[in-house]
Amino acid sequence: MTRPLLAAACLLATAPVFAQASGDPARDPTRTEVWKPVPASVATPIGGAPSDAIALFDGKDVSAWESEQGGRVPWRVDDGALTVVPGSKGIRTRQRFCDMQLHVEWRSPSATAGFDGQDRGNSGIFLQELYELQVLDSYNNPTYANGQAGSIYKQAMPLVNASRAPGQWQVYDIIWKAPRFSQGGGLTSPARITVLHNGVLVQDDTVLAGQTEYIGAPSYAPHDCAPISLQEHDSAVSYRNIWVREL
């Protein structure tokens with residue numbers, strides 16, 4: 001190393017010492033170091049749920065769920081998947097949630113002949129039982145944009161269509177911020193959602209105008225934490241590897 005380069009390297013290596021020795025507190029690098037509290041460690045196994053997650057469906061156990069009308073889960077479990085039985089009604093978690101990180105893998109039926117638009121692979125994930133993230137086979141299947149996969153149904157179309165072909169497993173990773181209400185029942189903070197569909201951002205901190213409505217404009221009514229529900233919509237959509245982290 002040449003003498004000029006060596007001198008420069010020495011100056012850089014001793015810069016913090018000089019800054020502290022100068023007596024100028026603003027140039028002390030330790031003033032901007034935060035050591036406590038130490039973030040909790042979370043194990044993140046490849047292909048598995050984080051260690052602090054609540055497993056809602058691991059391929060076998062449906063004890064976290066019940067029928068939307070109460071009672072046993074009316075859907076079938078085969079080969080690690082929980083599959084809708086058309087005409088059986090939806091299901092919901094026994095536990096209630098507010099803010100959360102939710103991971104859901106889903107698959108629309110591979111047989112599509114005779115089914116188009118909203119009739120193809122239709123289901124839905126309802127946050128707090130009121131706000132629907134649409135599940136639909138949107139691979140080469142035109143429908144209204146705020147009703148396709150990745151949409152907040154009838155409110156917000158996805159940024160892009162990241163759908164895989166029918167019969168293939170797809171992934172939603174969801175960050176949900178529940179709405180807040182005053183003691184008098186007024187809305188103080190609306191619901192917000194971020195969604196990645198197959199690793200692609202499709203909802204970017206989207207603000208919801210209210211609960212999901214099939215007809216008419218959305219609106220809010222005060223409520224507390226509530227279950228996650230999965231919709232039965234006359235299609236044998238399958239789900240697997242469902243877990244949630246309370247935020």
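Strand E7 is mostly covered, with five of its five residues buried. Buried means under 20% relative accessible area, exposed over 50%, and partly exposed in between, using a 1.4 Å probe and protein chains only. Strands here are DSSP runs of E with at least two residues, helices are runs of H or I with at least four, and both are numbered from the N terminus. This is a predicted model: local features need pLDDT of at least 70, side-chain atom pairs count only at pLDDT 80 or more, and totals for chains, interfaces and linings use all residues. Residues are numbered from 1 along each chain as its sequence is written, and side-chain values use heavy atoms, with hydrogens and water left out.

**Strand E7 and its neighbours**

- Ser123, Ile125 and Leu127 point one way from E7. Gly124 and Phe126 point the other way, and all of these residues are buried.
- Strand E7 covers residues 123-127 and runs antiparallel to E8, joined by five bridges. Two strands pair if DSSP finds at least two bridges between them.
- Ile125 stands opposite Leu133 in E8. Phe126 stands opposite Glu132 in E8.
- E7 and E8 form a hairpin with three residues between them. Gln128, in the turn, has a positive phi of about 55 degrees.
- Strand E14 (residues 229-230) is also antiparallel to E7, through two bridges. There, Ser229 is the bridge partner of Phe126.
- The open sheet has five strands in the order E2-E5-E14-E7-E8, with antiparallel pairing. E2 and E8 are the edge strands, each pairing on one side only.

**Aromatic pairs**

- The structure holds six aromatic pairs. Rings of Phe, Tyr and Trp (its six-membered ring) pair if their centres lie within 6.5 Å; planes under 30 degrees apart count as stacked, over 60 as edge-to-face and the rest as tilted.
- Trp75 and Tyr239 form a stacked pair, 6.2 Å centre to centre with 20 degrees between the planes. This pair links distant parts of the chain, 164 residues apart. Trp75 lies in the loop between strand E2 (65-67) and strand E3 (76-78), and Tyr239 lies in strand E15 (residues 238-246).
- Trp75 has 6% relative accessibility, so it counts as buried. Tyr239 has 0%, so it is buried as well.
- Tyr131 and Trp176 form a tilted pair, because their planes stand at 40 degrees, with ring centres 5.3 Å apart. That pair also links distant parts of the chain: Tyr131 is in strand E8 (residues 131-135) and Trp176 in strand E9 (residues 170-177), 45 residues apart.
- Both Tyr131 and Trp176 are buried.

**Nonpolar core**

- The largest nonpolar core has 36 residues. Such a core is a set of buried Ala, Val, Leu, Ile, Met, Phe, Trp, Tyr and Cys residues joined through side-chain atoms within 4.5 Å.
- Leu102, Ile125, Tyr172, Trp176, Tyr239 and Ile242 have the most contacts inside this core.
- Elements giving two or more residues to this core include strand E1 (54-57), strand E6 (100-107), E7 and strand E12 (192-197). E6 gives the largest share, four residues.
- Trp176 touches residues including Met100, Leu127, Tyr131, Ile193 and Leu208, not counting residues up to four places away in sequence. Contact means heavy atoms within 4.5 Å.

**The loop residue Leu136**

- Leu136 lies in the loop between E8 and E9. Its relative accessibility is 0%, so Leu136 counts as buried.
- The C-alpha atoms of Leu136 and Gly147 are separated by 8.3 Å, with the two residues eleven apart along the chain.
- Leu136 touches Trp106, Arg120, Asn122 and Gly147, among others, not counting residues up to four places away in sequence.

**Whole chain**

- The protein chain has two helices and 15 strands.
- Its radius of gyration is 24 Å, well over the 18 Å that the globule rule gives for 247 residues, so the chain is more spread out than a compact globule. The radius is taken over C-alpha atoms, and the rule is 2.2 Å times the number of residues to the power 0.38.
- The C-alpha atoms fill a box of roughly 80 × 50 × 35 Å, taken along the principal axes.
- Buried residues make up 38% of the 247 residues.
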